[in-house]
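I opened the model today to look up a few things. My notes follow in the order I took them.

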Amino acid sequence: MAENTEKDATSINVNKIYKIESKLSPEIVIEIEKGLRKDSTKLIIGKHMDVTNQYFIFSRKTGSNYSIECLHAKNKVIDVDHSQVKNGAKVQIYEKNGTNAQTFHIVEVGDGYYTFLSALDNEFCLDVKRSKTNPGTEIWLYHRNYTDAQKFKLIGKNFLNFSIDYALKYAKERNPDYEVHEPNSTNFCSQCLVAGGVDEDETWTKNSEAFVEPEKFKEYFIKKGVEWEENPKIDDIKAGDIVFTQNKSNHTFPLFVLRTSIDKIVYCSNSEDKKESFLKIELAKSFLKTSSLFQ
């Protein structure tokens, strides 16, 4: 992508957890040095590993301006040390304070890569020191030069516990980030999957038929390769699955499964605003094995 055709990144999924991979090498990502959690800990690059100090959550402030939270360190975000705008300024984690030192204007620069411009001065951005790919190399602030050292890709990760937390939080209320489509049960199940990191696309996305209508939802995931089964047994169902049941009018309602007990399904739903409710297994007409999306 040419410099004059780059665009603001306004569609980063704020409900998803990401690694930040360098364009210098697909083997390296940004991480918190030594897995520390204290203020002023440096950001460095390291080899891909399934460790929490390599995961980040993006929170949109306005437009394409984001703060970047650390999954590993509660209430800590990526920060420019002492708000310094100069080549080589230290990039670190620090207690969230809402300043421009902790805000980045993110732009898409082509082929799925992004550049993180500092809100202190958009002529400066996150950069891999001297374009080195050795683990331990620092991330610093540097004047924008359009090299691969300043381009990063977001690699998503699915976390079942984030889906479960979301289900518990919004089982008896509506998330204001989404339009309500009553009965809201399919919309709610879709939101739970998104919260755990399942990727949206042009067919399954906010307000689409596949996102809010039970039959379209089921058809979409079956086409994606998710197994669907009728008249399931209790041992077949796992946390993260979507169970389909029917009311007396034969209307279909999907439910998000939290866990199972001896002969009952523990679920959350927006159809009747149920939180950790119980469903007898014989009332489960069918289910989608969406738990497989988190493995």
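I started with the largest cavity, which holds about 30 Å³ of space. The model is a predicted one. I counted 1 cavity of 30 Å³ or more. Next I listed the lining. Arg174, Asn175, Tyr178, Glu179, Val180, Asn184, Asn187, Gln191 and Asn270 line this cavity. By class I get 2 nonpolar, 5 polar and 2 charged residues in the lining.

**Helix α2.** Asn187 and Gln191 from that lining are also among the buried residues of α2, and I turned to this helix next. Is α2 enclosed or open, and why? I found 11 of its 11 residues buried, so the rest of the structure largely encloses α2, residues 185–195. For burial I used a cut-off of under 20% relative accessible area. The buried set includes Phe188, Cys192, Val194 and Ala195.

**α2 against α4.** I looked up how this pair packs. The angle is about 35 degrees, and the axes lie 9 Å apart. I noted the crossing as left-handed. From α2, the contact uses Thr186, Cys189, Ser190 and Leu193. From α4, Pro214, Phe217 and Phe221 take part. I sorted this contact by class: 5 nonpolar residues, 2 polar and no charged ones.

**After the helix.** Last, I checked what follows α2. Gly197 does, with a positive phi near 110 degrees.

Methods. Residues numbered from 1 in each chain as written. Predicted model: local features only at pLDDT ≥ 70, side-chain atom pairs only at ≥ 80, totals over all residues. Heavy atoms only, no water. Buried < 20%, exposed > 50% of the residue type's maximum accessible area, 1.4 Å probe, protein only. Helix = DSSP H or I, 4+ residues; strand = E, 2+ residues; numbered from the N terminus. Axes fitted to C-alpha atoms, helices over the stretch in contact; angles between N-to-C directions. Left-handed = near helix turned anticlockwise from the far one by under 90°. Contact = heavy atoms within 4.5 Å. Nonpolar A, V, L, I, M, F, W, Y, C, P; charged D, E, K, R; others polar. 1 Å grid on protein atoms, 1.4 Å probe; cavity = no way out; pocket = protein on both sides within 12 Å on 5 of 7 lines; lining within 4 Å. Points joined across faces, edges and corners; volume = space filled by probe spheres on them.
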